[in-house]
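Subject: A structure for you, with notes on its salt bridges

Hi,

Here is the structure I promised to pass on.

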Amino acid sequence: MEPDAFYHEQSRGLQRRFGTSGLAGHLAEKYVLDRLEPGHQEWIAAADEVFVATVGPDGRPDCSYKGGLPGFVRVLDAHTLDLPSYDGNGMYRTLGNAAAAAHVALLFLPAGVPAKLRVGGRARLLTDPEAVAAHEGAEAVLRITVDQVFENCPRYLHDRVTGAPSAHCPRPGHLPPEPEWKKKPEYEGLLPVRGPAHPG
């Protein structure tokens with residue numbers, strides 16, 4: 001994706017300030033997609049949870065955790081997902097925001113995979129009986145048209161099995177290891193020089 005289509009000016013300004021403009025541009029051009037690759041679809045099909053970010057008509061963001069059995073988020077094709085909404089506290093913040101402003105962002109943490117998958121798009125609220133009946137126990141469905149997909153560096157993910165913190169998390173008396181992706185030749189000359197106050 002073109003960097004200027006992916007970043008706004010405030011992000012660009014911070015990239016210039018911290019010396020990451022080249023890196024950020026490279027990541028946007030090479031790794032930000034407008035579709036779900038087969039591997040991404042497999043991750044989502046196996047997911048039993050997702051974090052959902054929405055924004056209301058007043059511009060206030062909201063983030064919600066959604067859980068279900070593996071496959072509850074349904075991949076219809078490389079550009080379309082169905083996210084069912086189950087019985088909850090009756091506030092309808094996620095559904096209400098999606099109905100009002102449409103923009104949604106999803107964060108998947110694939111089980112057993114050191115990765116974070118971020119999916120952005122526009123949601124349409126479905127409440128018709130046919131759409132709802134396709135998802136056991138749902139009362140409504142968000143049909144999401146995907147337009148941004150990218151994987152994130154997973155180094156700060158904690159071990160979800162043992163509970164051990166990530167070795168990359170800064171702490172007193174600890175020198176975090178260099179993440180493997182930074183050692184790849186494609187990043188040569190793109191990484192900013194970080195001092196002790198700005199661990200990379």
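Below is what turned up on salt bridges.

A quick word on the source: this is a predicted model, so local features need pLDDT of at least 70 and side-chain atom pairs count only at pLDDT 80 or more, while totals for chains, interfaces and linings use all residues. Residues are numbered from 1 along each chain as its sequence is written, and side-chain values use heavy atoms, with hydrogens and water left out.

Side chains of opposite charge can pair when their charged atoms come close. A salt bridge here is a side-chain nitrogen of Lys or Arg within 4 Å of a carboxyl oxygen of Asp or Glu. That rule gives 9 salt bridges, and here are some of them.

Start with D4 and R12, whose side chains form a salt bridge at 3.8 Å, N to O. For accessibility, buried means under 20% relative accessible area, exposed over 50%, and partly exposed in between (1.4 Å probe, protein chains only). D4 is exposed at 65%, whereas R12 is buried at 15%.

Next, K30 and E186 pair up at 3.4 Å, N to O. This pair links distant parts of the chain, 156 residues apart: K30 sits in helix α3 (residues 21-31) and E186 in the segment after β7 (140-152). (Helices are DSSP runs of H or I, at least four residues, and strands are runs of E, at least two, numbered from the N terminus.) K30 is partly exposed at 45%, and E186 is partly exposed at 24%.

Last, D34 and R35 meet at 3.3 Å, N to O. D34, R35 and E37 are linked in a salt-bridge network.

Cheers
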